[in-house]
Amino acid sequence: NIVIKTIQGDIIDHAPNSYITANKEQKIASTFLLKNNTVSFNIENNGNQAITIDPWVTPPTMASAPVDNGVDQYGNTYITSPTYILEKYSPTGSMISSTNVMGGDAPYYGDMLTDSRGYCFFNTVGFHPRGDASAVDSAGNFLWDSQGITECWRFVLNECTHQVFSLTGYRHSATGFAKINSTTGTLTGYSQSGACCQDPHCGAIDYNGDVFCVVSENGGGTLIYKWTPSNTIAATFPAVGSWGYGTGYVGDGAFAQGYNGMTILGNNLYIYDGATLFKVNKLTGASIAQVTVPGGVNKHNGGIYITSCGKIFVGSSTGVYMYDMNFNQIDFKATIGAVYDLAFNTFNQTIIACGPGHVTEMAFIIPPCVFQTNPVIQPSCGGLPNGYIKLNLTGGVPDYTYTWSKNNITLIQTTDSIGSLAPGTYKCVYVDNKCPVPNIDS
């Protein structure tokens, strides 16, 4: 047998049952071979006959059917499901706590977000006027419970400030946007999109504080909305992808929907509808590129994450795919079931995917975020203090901070250029604006 360790227990891939395809009773000796993380088979087959190799898998016994997950800065994983059970697991897979966050309309599970502190924010949707949002700290204690948030389908989290934003359906009349006070649960700065676009599907926030969201129109079709930090609608763009009516997780019915279908890097939105991955310019709404994800069957699938240097991960019905910014597939890792959500574990540098029957931690090879520099250097002449260095920096998340030193002695300059330099060895350590863990290079 091959035993695969996962967050919620062991997956056992039993020794295969192998036989002549034309005669199932004619067994063939076979074994697994495991080398360098590659599984293959060793079989005995005396002749050119078709054979069948039939391994069988026993999944772990799980307390819930996870559809949403998150990771804090310490590597703890948080899992929730339509039964409103929040489970917390340590980086080694031990269960730490289990909390019932029941509320709102039970059939209409909404969304769950986890910030770097381990605070979890829930909405239990509330079809029509019966919404319910709540927050739980890293120890599983309730911080607040705010009922009456109408059709709160999605949350968006500003990881830098821990600010939570609510995206609501507002009784089938308009999509609403509001800030949620993470201490009290009260909504502030509520605004609506107008008498259309009722159901939010996915959303994300950029480093300017602008929130983008894909929503459904009353008359059919979808739009991308942009809200500014001043609670005004700044733009609407035609949406990409195929989005159904309703956005909550309801079994396998018409409302079933994957999670975290949008992320942002630079001036581009990356949007995933469970079948196709799109790149959209966030300034103009122009569609730039798209790729069909193998195994991406429908909106039951979900989960998207992008590193600050452009490695994109999406969930599918068969596992997790890794792409570069040009949508070239780099890697794929299989799961025992469909992926509804995924998160990045900064503590272990791994991807954690969840779906019905599994929570799987995956060790992709993710290159470190290396900045690209094209320094302009004018060396001094004859020992005179007239040297000059300017760094043209790209990569990571602007804006950058700079720390200069000469011969290991820190200098006072903090910009991308320094001048009036005498001969010596100069070094600059630059840090980007990625939250909650910045990229550092030199």
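**Pocket, cavity and charged pairs**

Tutor: The lining of the second largest pocket takes at least two residues from each of β1 (2-6), β2 (9-13), β32 (329-334) and β35 (358-362). The strands are DSSP runs of E with at least two residues, numbered from the N terminus, while helices are runs of H or I with at least four. This is a predicted model in which local features need pLDDT of at least 70 and side-chain atom pairs count only at pLDDT 80 or more, while totals for chains, interfaces and linings use all residues. Residues are numbered from 1 along each chain as its sequence is written, and side-chain values use heavy atoms, with hydrogens and water left out.

Student: Which strand gives the most to the lining of the second largest pocket?

Tutor: β1 does, with four residues.

Student: What makes a space a pocket, and what makes it a cavity?

Tutor: Both are sets of points on a 1 Å grid over the protein atoms alone. A pocket is an open set with protein on both sides within 12 Å along at least five of seven lines, whereas in a cavity a 1.4 Å probe fits but cannot get out; lining residues have an atom within 4 Å of a point. The second largest pocket holds about 760 Å³ of space. Of its 18 lining residues, Ile4, Asn37, Val39, Lys333 and Ala334 are the closest to the centre. The volume is the space filled by probe spheres set on the points, which are joined across faces, edges and corners.

Student: How many residues of each class are in the lining of the second largest pocket?

Tutor: There are 11 nonpolar, three polar and four charged residues. Ala, Val, Leu, Ile, Met, Phe, Trp, Tyr, Cys and Pro count as nonpolar, Asp, Glu, Lys and Arg as charged, and the others, Gly among them, as polar.

Student: How many cavities of 30 Å³ or more does the structure hold?

Tutor: One. The largest cavity has a volume of about 40 Å³. Its lining consists of Tyr78, Leu86, Lys88, Ser97, Thr99, Val136, Asp137, Ser138 and Gly140. Two or more of the lining residues come from each of β11 (85-89) and β12 (95-100). By class, the lining has three nonpolar, four polar and two charged residues.

Student: Why is the contact of Asp115 with Arg117 called a salt bridge?

Tutor: The closest N and O atoms of Asp115 and Arg117 are 2.6 Å apart. The term requires a side-chain nitrogen of Lys or Arg within 4 Å of a carboxyl oxygen of Asp or Glu, so the pair qualifies. The structure holds five salt bridges. Another is formed by Asp210 and Lys226, at 3.8 Å. Asp210 lies in the loop between β21 (199-205) and β22 (211-216), and Lys226, 16 residues apart from it, in strand β23 (residues 222-227). Both Asp210 and Lys226 are buried.

Student: How do you know whether Asp115 is buried or exposed?

Tutor: Its relative accessible area is 0%. Buried means under 20%, exposed over 50%, and partly exposed in between (1.4 Å probe, protein chains only), so Asp115 is buried. Arg117, at 27%, is partly exposed.

Student: What makes Asn407 and Asn408 stand out in phi?

Tutor: Asn407 has a positive phi of about 50 degrees although it is not a glycine. Asn408, also not a glycine, has a positive phi near 70 degrees. Asn407 is in the loop between β40 (401-406) and β41 (409-410), and Asn408 lies in the loop between β40 and β41. Asn407 is partly exposed at 43%, whereas Asn408 is exposed at 76%.
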